[in-house]
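Colleague: I'm new to this one. Can you put it up and walk me through a few spots?
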Amino acid sequence: MTSLTDRKNAAISRGVGMTTQIYADRAENAEIWDKDGNRYIDFASGIAVVNTGHRHPRVIEAVKAQIDRFTHTCHQVVPYETYVHLAERLNALLPGDFAKKTIFVTTGAEAVENAVKIARAATGRQAIIAFGGGFHGRTFMGMALTGKVAPYKIGFGAMPGDVFHAPFPIELHGVTVEQALAALKKLFAADVDPGRVAAIILEPVQGEGGFYPAPPAFMRALRDICDQHGILLIADEVQTGFARTGRLFAMELYDVAADLTTMAKSLAGGFPLAAVTGRADIMDAPAPGGLGGTYGGNPLGIAAAHAVLDVIEDEKLCERAEQLGGRLKQRLAAIREQVPEIVDIRGPGFMNAVEFNDVATNLPSADFANRVRLIALDKGLILLTCGVHGNVIRFLAPITIEDAVFAEALDILESAIMQARA
């Protein structure tokens, strides 16, 4: 009999990478069962997509109710009130004491593309600055903005022009806030006139890059630089959004606001939906027809997103994220003396990570991180690695995970780390 893996290899481009060979059959909250009946605890959440858990009853109920009414009209042809209402909710919830407007698209990369379009239309400028280690998608502009070559840029030719990169401040890797700002100043002096820069884009907490939070002093300095030069600040909240960091949006952790914000992933609890929300005057810069897309703001995704926002509020998931993240970091800290490979435990709320180095060389150890991942998988816990060096394990369990399942996962995680040292 031909295995599913063999069928996949014969039918699907190898460019679609797979972290596991688990073929899902069903899922509930923080658990997945495969086609063979094996159970796994999901600490990946479809890469931060199901913060409210797999198949949250209220999300499923909302989508079923929408299916009974209509599934697609294209909002640009026949609009619907739920799209308008969700835009109103996001406008009210996003940080920033100014009038806001929103557009809906389908993917995080599409949201980033549209944020760049809007920024260029609003400023009449072309250049965009992003940061090393940042991840902004696999479209061409997304690749150009992403600060990591392998595997995202290999073999795809020239990237779009007028995109510049600056170092992201990570003291663990020898880059202070002062050094990062000095590099940005040097970029303005040597490579691009700040008067040509439309926007600076960054993740408040780098996702694929290693779960490094932007220091508050750095965020404030970026806001000052943007204000000084008429540059827009774009917060990419695709992975950080919707209670993951202990706030609905990670930018709530800072005392400054972005001009534009991209969001996707857990916005609709597993249904494809993304958005750009920003200052109303900036969002109105493109002419009618310049923004949108056939599936943008699909009614099913919109219905799911309304339910997600209700669940986050009613079940107090921001507070829950703080509690779970505290327990996870405390558990890792308790074994740190026994595991010298651990060089850092970090992350706000429940957007947490542990970073490993080789003990002999003190260099990043992707091998150790991957050993932990594979041992945990064998024990029934799904983990993801990340980081420019691949030496970071990121934790993205649903925030709705039951206490007993969470405790079981922490036991597996500790056992896998200890076994990886053997």
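Modeller: One term to begin with. Buried means under 20% relative accessible area, exposed means over 50%, and partly exposed is in between (1.4 Å probe, protein chains only).
Modeller: This is a predicted model: local features need pLDDT of at least 70, side-chain atom pairs count only at pLDDT 80 or more, and totals for chains, interfaces and linings use all residues. Residues are numbered from 1 along each chain as its sequence is written, and side-chain values use heavy atoms, with hydrogens and water left out.

Colleague: Okay, G270. Where is it found?
Modeller: G270 sits in the loop between strand 9 (260-263) and strand 10 (274-279). Helices (H or I, at least four residues) and strands (E, at least two) are DSSP runs, numbered from the N terminus.

Colleague: What is the relative accessible area of G270?
Modeller: 47%, so G270 counts as partly exposed.

Colleague: And what is G270 in contact with, leaving aside its neighbours within four places in sequence?
Modeller: V49 and V50. Contact means heavy atoms within 4.5 Å.

Colleague: Switching to strand 4. Is it mostly covered or mostly open?
Modeller: Mostly covered. Strand 4 (residues 100-105) has five of its six residues buried.

Colleague: In what sense do strand 4 and strand 10 pair?
Modeller: Antiparallel, over six bridges. Two strands pair if DSSP finds at least two bridges between them. I103 has V276 of strand 10 as its bridge partner.

Colleague: How do strand 3 and strand 13 pair?
Modeller: Parallel, over two bridges; strand 3 is residues 39-42. I41 is bridged to L381 in strand 13.

Colleague: Last topic, helices. At what angle do helix 4 and helix 10 cross?
Modeller: Roughly 35°, and the axes of helix 4 (residues 81-93) and helix 10 (residues 299-314) come within 9 Å. Axes are lines fitted to C-alpha atoms, for helices over the stretch in contact, and angles run from 0 to 180 degrees between N-to-C directions.

Colleague: Which residues make the contact?
Modeller: Among them are L86, L90 and L93 of helix 4 and I302, A305 and L309 of helix 10.
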